Amino acid sequence: MYNNLQLVGLGERSGTVNSPFRPDLTAGQKLHPVTFEVLGPVCVNSHEQRRSVSARKVEILFAALLARAEQSVGIDELITELWGERPPLRATSALYVYVSQLRKFLIRAGCTGSVIETQHSGYMLHLGPHGLDVEAFLWLAQNGRQHVDREEHEQAVAEFKRALGMWHGPALGNLRDGPIVNGFATWIQEHRLECIEIMMQSNLALGRHREIIGQLYSLTVDQPFRETFYRQLMIALYRSERRADALNVYRAARETLRRDLGIDPGSALRTLHQEILTADDRPGAIG
């Protein structure tokens, strides 16, 4: 359900975020004193004090309901999320217990405005007056994109840094067992990587190629199949008068892609490689 989602029409701060979580979110909405956090381990941040669920099954339930906040999640879906394709005989009864425990946790954590509504076919988590960190992240990232569209790269980098600074680890921590949680984590991680890509491109536009070389080397290690980071690293190295290193990056990318995926680099990376091979000595001639 997440693959084809994108942000649309934010305009200024009066726009809205089109997300799978709260379609009615006002883009200018700020984080509340009590915020649900999913950009890292699942927890409730109440006045800068984080509280998390200790029981793993209840934590998975919490994560699934947050991933579908303000939407009904079916009982069968939640059972699959908790136990996979081989649930215990009394799975439905156990789910009732976990929901009750989660409700008590929310009260203890100060989430008095949030309600887990029992519906005919499942449950729905109403966030009430409380915030969800992923919404602020998406809003900040969209602001960054708008600055890029206006070629305001300094402001864009600042917004992207604010957005990325909201992350405290892998989305939803180490919860990856069920389709709801895994789908959400994959979806929002893609947004994070896209945010980093655009921020790096803005840094290149600002002439900060030397400053980002180390970050880009780390990114190619962490994301070895994401060719954009190789391309940006090659440009940064070439502009830093390190043509040989830029060519070595291409060779490393080609070897990795051939060895692990059986493919060659895409046309953009191949074209950049050829441009570096044949370019003159002007640092700004590439990219």
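Predicted model: local features only at pLDDT ≥ 70, side-chain atom pairs only at ≥ 80, totals over all residues.
What does the side chain of R226 meet? It forms a salt bridge with the side chain of E190, with a distance of 2.7 Å from N to O. This pair links distant parts of the chain, since E190 sits in helix α6, residues 179–205, while R226 lies in the loop between α7 (209–222) and α8 (227–239), and the two residues are 36 apart. E190 itself is partly exposed, with a relative accessible area of 39%. The pair also belongs to a network of salt bridges, in which E190, E197 and R226 are linked.

Let me turn to two other pairs. R150 and E152 meet through their side chains in a salt bridge, at 3.2 Å from N to O; R150 is partly exposed at 45% relative accessibility, and E152 is likewise partly exposed, its relative accessible area being 24%. R259 and D260 form a salt bridge as well, and there the closest N and O atoms are 3.1 Å apart. In that pair R259 is exposed, because its relative accessible area of 58% is over the 50% cut-off, whereas D260, with 39%, is partly exposed.

To place these pairs in the whole model, the count comes to 12 salt bridges, including the ones I have described between E190 and R226, R150 and E152, and R259 and D260.

Definitions and conventions
Residues numbered from 1 in each chain as written. Heavy atoms only, no water. Salt bridge = Lys/Arg side-chain N within 4 Å of Asp/Glu carboxyl O. Buried < 20%, exposed > 50% of the residue type's maximum accessible area, 1.4 Å probe, protein only. Helix = DSSP H or I, 4+ residues; strand = E, 2+ residues; numbered from the N terminus.
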